[in-house]
Amino acid sequence: MLDLKRLLVLREVAARGSFSAAADHLYVSQSAVSQQIAALEAETGEQLLLRIRTGPVLTDAGRLLVSHGDAAIARLEQAERELGELSGLDSGELRLISFPSASATLVTAAASVFRERHPEIRVTLVEADPEESIPQLKRGDHDLAVVYDFELHPFAPDRDLELRPLLIEEMRLALPRGHELAGCGALQLDRLADQSWLCGNPGGSCRELAVRSCQLAGFDPDVSFESNDYTVIQSLVAAGLGVALLPDLALTAPHPGVEIAEVLPEPPLRRVWAASLQVGSRSSATEAMLDVLAEVSEEFATRTAVAV
């Protein structure tokens, strides 16, 4: 059986980018880290790291091993927390990670309900987009992640995660107030082919969604400003610097200088999920929050449908 401590060392070397940084984080010597990696490579019969000038890089075998190590370590950490709850050593903790537009809406409402029902559980929240939050969840840094994907850019299957659907949002067009096409109510994207577009940073799924939606409408968008913050995007639109696609959660408090239009013939869809480790790896607090998030999301979907 593989040595879990050695897997932890390999994971830290990969995450920190050097043997010395991993040694500092683990409070051991650099030579001890090197010895543990060498022993793990001997144990597996595979080279796990490429030693190059810019720092160690995982091989395919190394990446495979780290992915399994993340899941194993997360399970053990969860077991420690559950044992603590059973023995009454503490009141328990639920660690959430969420993307900003959900944090300000669904997660805020859910945290309020959860605290009323379970005041003994300490709830913490940090923010990140799915590209960062899912790896952190799998490493055991968090208990539950609220994440999103798009129908045009869906999540790949992952054996370690369970995704519970919370909400399906329509992407809507945001135009500057007073724009020549503002007030139309609904537009085909190709009518905005000559406009400057605002979207997420390169490499992110928000950017991919905007670009692919425009390409399906027959043109490549001229991207003039980039931001992963929808509040910033709305301000840029209001300033007349371009147009954008925005999801429902980002429009609960629309900027007064922005007008919203539906996308014809069918709007792109963003899907919001509660991501957690597979059943058997979750605490009772995580299960309770999953139920609360489902309740809050259903209420939000009903309000959105009535408003539309």
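Colleague: What percentage of the 308 residues in the protein chain is buried?

Modeller: This is a predicted model, and buried residues make up 45% of the 308 residues in its protein chain. The chain has nine helices and 12 strands. Its C-alpha atoms fill a box of roughly 65 × 50 × 30 Å along the principal axes.

Colleague: How much of the contact between residues with a separation of 6 or more comes from residues 24 or more positions apart?

Modeller: Residues 24 or more positions apart account for 74% of those contacts.

Colleague: Why is D149 called buried?

Modeller: The cut-off for buried is under 20% relative accessible area. D149 has 2% relative accessibility, so it counts as buried. The residue lies in strand β5, residues 144–150. Leaving out residues up to four places away in sequence, D149 touches P154, F155, L269, R270, R271 and W273.

Colleague: What makes the pairing of the D149 and W273 side chains a polar contact?

Modeller: A polar contact needs N or O atoms within 3.5 Å, one able to donate a hydrogen and the other to accept it. The side chains of D149 and W273 are joined by such a contact at 3.0 Å.

Colleague: Is R172 buried or exposed, and why?

Modeller: R172 is at 6% relative accessibility and therefore counts as buried, the limit being under 20%. R172 is found in strand β6, residues 161–176. Its side chain makes a polar contact of 2.6 Å with the side chain of E262.

Colleague: How many disulfides does a search of the whole structure find?

Modeller: The search finds zero.

Colleague: Why is the sulfur of C206 too far from the closest cysteine sulfur for a bond?

Modeller: A disulfide requires the two sulfur atoms to be within 2.5 Å. The closest cysteine sulfur to that of C206 is in C199, 9.1 Å away, so the pair is too far apart for a bond. C206 has a relative accessible area of 11% and is therefore buried.

Colleague: Why are α2 and α3 called roughly perpendicular?

Modeller: Angles of 65 to 115 degrees count as roughly perpendicular. The axes of helix α2 (residues 19–26) and helix α3 (residues 30–44) cross at roughly 105 degrees and come within 8 Å. The two helices are therefore roughly perpendicular to each other. F19, S20, A22 and A23 of α2 make the contact with Q30, V33, S34 and I37 of α3. By class, this contact has five nonpolar, three polar and no charged residues.

Colleague: Which residues of helix α6 are buried?

Modeller: In α6, residues 130–139, the buried ones are P130, S133, I134, Q136, L137 and K138. G140 follows the helix with a positive phi, near 90 degrees. Most residues other than glycine have a negative phi.

Colleague: What kind of peptide bond joins L264 and P265?

Modeller: The bond is cis, with omega about 0 degrees. Most peptide bonds are trans. P265 lies in the loop between β11 (258–264) and β12 (269–277).

Definitions and conventions:
Residues numbered from 1 in each chain as written. Predicted model: local features only at pLDDT ≥ 70, side-chain atom pairs only at ≥ 80, totals over all residues. Heavy atoms only, no water. Helix = DSSP H or I, 4+ residues; strand = E, 2+ residues; numbered from the N terminus. Buried < 20%, exposed > 50% of the residue type's maximum accessible area, 1.4 Å probe, protein only. Contact = heavy atoms within 4.5 Å. Axes fitted to C-alpha atoms, helices over the stretch in contact; angles between N-to-C directions. Parallel < 35°, antiparallel > 145°, perpendicular 65-115°, else oblique. Nonpolar A, V, L, I, M, F, W, Y, C, P; charged D, E, K, R; others polar.
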